[in-house]
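Dear colleague,

Please find below the structure that I am handing over to you.

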Amino acid sequence: YLVSAISGKKIESNEPPRTALQGLWYWFRCLYSLVILVFCFAVTLVALFDGKTTMWKGVPSWLAMIIFFILMSVVGMLEAMQIAFFAVAKFTPEERGDSKFQKMTCQLLFKGDGKNLPGFMIGRQLMVVSCMFFIARVTSVSIPEGGSNIFDVPDSVQEFFNTGLLGALITTIVASITWQLVASAFPLAFLANPITYIFLRICLMFEASGICHGAWVLAAIQK
C-alpha cells in the first residue's frame, strides 16, 4: 500500500472488497506483524552492538550493520527479479516496456532457446546463499560465557532468542516477501531498473561457473 501510494498507481486485486470486520482483522494482523518485526530488529541490533552475535570479531558493529542492510537489499532485489521475470514471461514483447533497460533485460533473459531464465534462477540462488552467509552471522545471537541476557530477559526467553527465529523472521519479511509483493504489483518497474540488468548479468555469470550444473542433470532426469 505504501509503494502504491508513493507511485500513484492503484493495486488491482481480484478479491472482492473487504467487509468492515475483515478490514479490521486485516489491519490488526498488519499491526501486530509490524510490532513483532520491530522487536526482532531491536533484539538483533542490540545483540550486534553488544558483541552477542556470531559476527567475526574483526568486523566493527557499525560496518556489520551497514553490510547487513545492503545484503538484505541485494537478496530482496533478487527475490523481486524472480517474480518480475516470471510475470513478464507471460507478456508479449510489445507489453514488456520500451525503456532502454527494459529492452536490454528482456533481450538477455529471453534470447536464444530460453535457457537464460532457468540459468538466472540457478545463479540467483548462488547469490542469495552467498549473502546469507554474512546475514546469518549478524542475526545469530550468541551470548558469551558469563555475559548477561539481552534486555535482561529470563534464560528461557534468551534460549528462544538463540534459536535464530527472530533473524529468520527479519529476512523473510524485509529481504523476501516485501520485495516479492512489490514486484508482483509492478513487474515492469523492476525491469526498468538498471540494477536489475546488472544483477541478471552477475547471476548468469555465477551459473556459467558450473558450480551448480548438477541441477540441469537432475532436471533432465525428472523430465
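**Aromatic pairs**

A search of the whole structure finds 10 aromatic pairs; rings of Phe, Tyr and Trp (its six-membered ring) pair if their centres lie within 6.5 Å, and planes under 30 degrees apart count as stacked, over 60 as edge-to-face and the rest as tilted. One of these pairs is stacked: the ring centres of Phe 41 and Phe 69 lie 5.9 Å apart, with the planes at 15°. Because Phe 41 belongs to helix 2 and Phe 69 to helix 3, this pair ties together parts that are 28 residues apart in sequence. Helices here are DSSP runs (H or I, at least four residues), numbered from the N terminus. Phe 41 is buried at 16% relative accessibility, whereas Phe 69 is partly exposed at 33%. Buried means under 20% relative accessible area, exposed over 50%, and partly exposed in between (1.4 Å probe, protein chains only).

Trp 56 and Phe 134 form a tilted pair, 6.1 Å centre to centre and with 50° between the planes. Trp 56 lies in the loop between helix 2 and helix 3, and Phe 134 in helix 5, so parts that are 78 residues apart in sequence are tied together. Trp 56 is partly exposed, at 41% relative accessibility, and Phe 134 is buried, at 12%. Ring pairs also link Trp 25, Phe 28 and Tyr 32 into a cluster.

**How the model should be read**

This is a predicted model, in which local features need pLDDT of at least 70 and side-chain atom pairs count only at pLDDT 80 or more, while totals for chains, interfaces and linings use all residues. Residues are numbered from 1 along each chain as its sequence is written, and side-chain values use heavy atoms, with hydrogens and water left out.

**The nonpolar core**

A nonpolar core is a set of buried Ala, Val, Leu, Ile, Met, Phe, Trp, Tyr and Cys residues joined through side-chain atoms within 4.5 Å. The largest one has 46 residues, of which Leu 78, Met 81, Phe 85 and Leu 200 touch the most other members. Helix 3 supplies the largest share of this core, 13 residues. Leaving out residues up to four places away in sequence, Leu 200 touches Met 81, Phe 85, Thr 105, Leu 108, Leu 109 and Phe 120, where contact means heavy atoms within 4.5 Å.

Arg 124 is located in helix 5 and is buried, with a relative accessible area of 6%. Its side chain makes polar contacts with the side chains of Glu 79, at 3.3 Å, and Gln 125, at 2.9 Å. A polar contact is a pair of N or O atoms within 3.5 Å; within protein, one must be able to donate a hydrogen and the other to accept it, and residues adjacent in sequence count only if both atoms are side-chain atoms.

Asn 116 is also found in helix 5 and counts as buried at 19%. The side chain of Asn 116 reaches the backbone oxygen of Leu 108 at 2.6 Å.

**Helix 7**

Among the buried residues of helix 7 are Leu 166, Gly 167 and Ile 170. What covers the buried residues of this helix includes helix 2, helix 3 and helix 5.

Yours sincerely

Note on methods. Helices (H or I, at least four residues) and strands (E, at least two) are DSSP runs, numbered from the N terminus.
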